[in-house]
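User: I would like to go through this model with you, one topic at a time. Could you begin with the backbone and then move on to the sheets and the pocket?

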Amino acid sequence: MGDINGDGKLEIVFISGAKIGVLDNQGKLIWSYNMQTGITAFRGVVLSDVNNDGLPDVILGNYGGSILALNGIDGNLIFEYSIAQIYGKQLIIDHGPLVADFNQDGLTDIFVVGGLTYYPQVENNYGRAYMITTNSASSGKDWLMFRANEERNAVLPINTTSVRDNYETKCKLFYSSFNDIDNTFKLYFAKELLSTVDISIVDILGNIIIQTNSSYTNAKANQISVNVSGLANGLYYILVKNESNISFNKILKY
């Protein structure tokens, strides 16, 4: 769901077999688009502007191995990009596309995964991930997970962290290393960090394992050590927070 024609109301985009359709908020069909017979897009569509008109367009990956983008206003084809033709084999995209300016070059990119599975001879499976770029200036909300957000309601607008947010915040304030001799994570801070920081060590499930408060001004050579002798070996995230910033890094204890 999203306002794809600029009327200030949410439209509903659906897929039924090989047909993509759009309904208004009264259930009336606005437009439809027919893919090749026998081709569908089981994971549905995503909404993002890829023709620079400031309105979301309809993007999908289908069972024919193509990425399609349709104009949100009238359903006209903006582009069709055949991943199967490039790969040179039959390829099914059974994957909701992800859309954002992933490489921060100012243009919107589209990420998909496709392949083919043979049951029960799964040793013959094959597949590949692809990222394509568009000619559209990056704008609006990113679509970074299946059905858009943690509620999986596939509705725009949504309030989520963008790829740009991640580029701007990740590890600007510190970097870290693990010392296996004394079982400590050592954090080395940037000079612009304020005097007091909250440090959290989080496991891959999001559970806070260790939380401490440290004074940067008392740290020797811009360095703080956190003892982790009680932690099991594995991958962890270190989050550092001060009055105006949150930075994070991932680190391996071994």
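**Backbone, sheets and pocket**

Analyst: Gln104 counts as partly exposed, because its relative accessibility is 26%; buried means under 20% relative accessible area, exposed over 50%, and partly exposed in between, with a 1.4 Å probe and protein chains only. This is a predicted model, in which local features need pLDDT of at least 70 and side-chain atom pairs count only at pLDDT 80 or more, while totals for chains, interfaces and linings use all residues. Residues are numbered from 1 along each chain as its sequence is written, and side-chain values use heavy atoms, with hydrogens and water left out.

User: Where does Gln104 lie, and what is its phi?

Analyst: Gln104 lies in the loop between S8 and S9. Its phi is near 55°, a positive value in a residue other than glycine. Strands here are DSSP runs (E, at least two residues), numbered from the N terminus.

User: Which value does phi take at Asn183, and where is that residue found?

Analyst: Asn183 has a positive phi of about 55°, although it is not a glycine. It is found in the loop between strand S11 (174-179) and strand S12 (184-189). Asn183 is partly exposed, because its relative accessible area is 24%. Most residues other than glycine have a negative phi, and most peptide bonds are trans.

User: And the bond from Tyr119 to Pro120, cis or trans?

Analyst: The peptide bond from Tyr119 to Pro120 is cis, with omega near -5°. Pro120 has its place in the loop between S9 and S10.

User: On to the sheets. What is the order of the strands in the open sheet that includes S9?

Analyst: That open sheet of 3 strands has the order S8-S9-S10, with antiparallel pairing; two strands pair if DSSP finds at least two bridges between them. At its edges are strand S8 (98-100) and strand S10 (126-137), each of which pairs on one side only. Neighbouring strands of this sheet are turned by 20° against each other on average, direction ignored; axes are lines fitted to C-alpha atoms, and angles run from 0 to 180 degrees between N-to-C directions.

User: How many bridges join S9 and S10?

Analyst: Strand S9 (residues 107-116) pairs with S10 in the antiparallel sense over 9 bridges. Within this pairing, Val113 has Ala129 in S10 as its bridge partner.

User: Now the largest pocket. How much space lies in it, and which residues lie nearest its centre?

Analyst: The largest pocket holds about 260 Å³ of space. It is lined by 20 residues, of which Val13, Gly44, Val45, Arg147 and Ala154 lie nearest its centre. On a 1 Å grid over the protein atoms alone, a pocket is an open set of points with protein on both sides within 12 Å along at least five of seven lines, and lining residues have an atom within 4 Å of a point. The volume is the space filled by 1.4 Å probe spheres set on the points, with grid points joined across faces, edges and corners.

User: Which element gives the largest share of that lining?

Analyst: The largest share, 4 residues, comes from S1.
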